[in-house]
Amino acid sequence: MTGALRIGIGGPVGSGKTRLLERLLPMFRDAGIEIAVITNDLMTDEDAQRVRRSGLIDPDRVRAIETGACPHTAIREDPSANLTAADELELAHPGVQVILIESGGDNLAATFTSDLVDYWIFVIDTAAGDDIPRKKGIGMLQSDLLVVNKIDLAPLVGADLGRMRSDVADARPDRPSVFTDLRSGAGLDETFRHVVTGAMLADPAPIR
């Protein structure tokens, strides 16, 4: 692999993108994979500050991008700020193998350009409505991995989880999807296995 592999994490506001990133960090570390992080927010660096304070990664390995416009602009139409940040991280930390790039919260049409990432994850959640998979947004359809988060909230908001599973299977017959509760960790191991194998980071056998 030439340079660090770049993995995007996108999805609507509040779906669990930062929580997923935080959950993946120790798993990459335990697998012996050196990691760095770029977060995108509209007008703040709040997510970057949260990750730096987490104790899960050296704070110097975290960069923040303030997009100042629709978040998809910085991951699709003009990814130059993210590309520059990624290059800076690789120069500052020559051993880094993976850079996680978290998009700002966006809509179902958000996608990452292949100029920026090699593999990307799209996160939705049950609390946003069980009709989301039937709306078939581009992000949900084209992402390398779909994560349907907050399955624990489905009964509390009246979401039909069985219907969501069926609709996701219909929408993504040839692409992997995982249903998770990232607070408890349900589905996290499966998510990580999909990432490391799908992004061709490692043989899946040693991954718990």
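Notes on the model. I am working from a predicted model, in which local features need pLDDT of at least 70 and side-chain atom pairs count only at pLDDT 80 or more, while totals for chains, interfaces and linings use all residues. Residues are numbered from 1 along each chain as its sequence is written, and side-chain values use heavy atoms, with hydrogens and water left out.

Entry on the sheet. I traced an open sheet of seven strands with parallel pairing, in the order β3-β2-β4-β1-β5-β6-β7; strands are DSSP runs of E with at least two residues, helices are runs of H or I with at least four, and both are numbered from the N terminus, while two strands pair if DSSP finds at least two bridges between them. β3 (62–66) and β7 (177–179) stand at the edges with a single partner strand each, so one side of each has no neighbour in the sheet. Neighbouring strands are turned by 20° against each other on average, direction ignored.

Entry on α1. I placed helix α1 (residues 17–30) across β1 (5–10), β2 (35–41), β4 (98–102), β5 (119–125) and β6, running at about 170° to β4; axes are lines fitted to C-alpha atoms, for helices over the stretch in contact, and angles run from 0 to 180 degrees between N-to-C directions. Its buried residues include L20, L21, L24, L25 and F28. Just after α1, I found G32 with a positive phi of about 75°.

Entry on α1 and α2. I read an angle of about 25° between α1 and α2 (residues 46–53), with the axes 11 Å apart. That makes the two helices roughly parallel, a term for angles under 35 degrees. T18, R19, L21, E22 and L25 in α1 meet D47, R50 and V51 in α2, contact being heavy atoms within 4.5 Å.

Entry on P71. I located P71 in helix α3 (residues 71–77) and found it buried, at a relative accessible area of 11%. Leaving aside neighbours within four places in sequence, P71 is in contact with S103, G104, G105 and D106. The C-alpha atoms of P71 and L42 are separated by 6.6 Å, although these residues lie 29 residues apart along the chain.

Conventions: Buried means under 20% relative accessible area, exposed over 50%, partly exposed in between (1.4 Å probe, protein chains only). Angles under 35 degrees count as roughly parallel, over 145 as roughly antiparallel, 65 to 115 as roughly perpendicular and the rest as oblique.
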